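These are my notebook entries on a single structure. I set down what I looked up, in the order in which I took up each topic.

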Amino acid sequence: AQSAEAFLSKIFACSYSIAGINVHSANPSDHLVHRMTHRVMRGTLLVCGRPDGRLSALTAMENAVSLSINQASSIQSIGSTCESITIGHNKFQLPLTARAIFLERHRPLFLCEHLLKQRDAQKK
């Protein structure tokens, strides 16, 4: 997170003379709501990594991240909300996010994914 802050701040400082950027980082599963949501204003871009909640060990963390993103995306400032983007493996876009970036997977399919593929193949 610190390297992303330094990189974005430096890139913006070198490239845009009339625009500014303010970069913050917070853990969306822990303290994003408490440390950052009061800073949400019109034009804010919120980019969060989202754990793959299909793994039972990450389900609670994904739920916490989803709740934090939805809460931050619900805050109104001058008639608009922040633009939020999630990045992760789970191919489900949260309802209040502007975009979702899905990463390629390099692991075998979960059992539930195999079962869903079989069910979808049988329906066709």
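**Entry 1: strand pairing.** I began with a bridge between strands: Ile87 has Ile101, in E3, as its bridge partner. I then looked up how the strands concerned run, and found E2 and E3 parallel and joined by four bridges. On the other pairing, I noted that strand E1 (residues 45-49) and strand E2 (residues 83-88) also pair in the parallel sense, over five bridges. Within E2, Glu83 stands opposite Leu45. I next asked which elements make up the β-α-β unit, and what its hand is. The unit consists of E1, helix H3 (residues 59-74) and E2, and I recorded it as right-handed.

**Entry 2: confidence.** I note that the model is predicted. For the protein, I read a mean pLDDT of 84, with 97% of residues reaching 70 or more. Where is confidence lowest, and where is it highest? I found the lowest in H1, at a mean of 78, and the highest in strand E3 (residues 99-102), at 92.

**Entry 3: salt bridges.** I looked up how many salt bridges the structure holds, and the number is three. One of them is between the side chains of Arg50 and Glu62, at 3.0 Å from N to O. This pair links distant parts of the chain, since Arg50 lies in the loop between E1 and H3 and Glu62 in helix H3, 12 residues apart. Are these two side chains buried or exposed? Arg50 has a relative accessibility of 8% and therefore counts as buried. Glu62, at 8% relative accessibility, is buried as well.

I turned next to Asp52. Asp52 forms a salt bridge with Arg54, and the closest N and O atoms are 2.8 Å apart. Asp52 also forms a salt bridge with Arg107, for which the closest N and O atoms are 3.7 Å apart. The latter pair links distant parts of the chain: Asp52 is in the loop between E1 and H3, Arg107 is in the loop between E3 and helix H4 (111-123), and 55 residues separate them. I recorded Asp52, Arg54 and Arg107 as linked in a network of salt bridges.

Asp52 is buried because its relative accessible area is 8%. Arg54, with a relative accessible area of 30%, is partly exposed. Arg107 has a relative accessibility of 24%, so I list Arg107 as partly exposed too.

Entry 4: Which residues form the nonpolar patch on the surface? I found Phe7, Leu8, Ile11 and Ile21, with about 360 Å² of accessible area together. I followed up Ile11, which is placed in helix H1 (residues 2-15). Ile11 counts as partly exposed because its relative accessibility is 41%. I recall here that H1 is where confidence is lowest in the protein.

Last, I looked up Asn27, which lies in the loop between H1 and helix H2 (32-36). Asn27 has 33% relative accessibility and so counts as partly exposed. How far apart are Asn27 and Ile11 in sequence and in space? I recorded 16 residues in sequence and 23 Å in space, from C-alpha to C-alpha.

Definitions and conventions
Residues are numbered from 1 along each chain as its sequence is written. This is a predicted model: local features need pLDDT of at least 70, side-chain atom pairs count only at pLDDT 80 or more; totals for chains, interfaces and linings use all residues. Side-chain values use heavy atoms; hydrogens and water are left out. Patches are made of residues with over 30% relative accessible area and no salt bridge: like charges are joined within 9 Å, nonpolar side chains (Val, Leu, Ile, Met, Phe, Trp, Tyr) within 5 Å. Accessible areas come from the Shrake-Rupley method with a 1.4 Å probe; for residues, only the protein chains shown count as cover. A salt bridge is a side-chain nitrogen of Lys or Arg within 4 Å of a carboxyl oxygen of Asp or Glu. Helices (H or I, at least four residues) and strands (E, at least two) are DSSP runs, numbered from the N terminus. Buried means under 20% relative accessible area, exposed over 50%, partly exposed in between (1.4 Å probe, protein chains only). pLDDT is the predictor's confidence in each residue, from 0 to 100. Two strands pair if DSSP finds at least two bridges between them. A crossover is right-handed if, with the strands pointing away from the viewer, the path from the first strand over the helix to the second runs clockwise.
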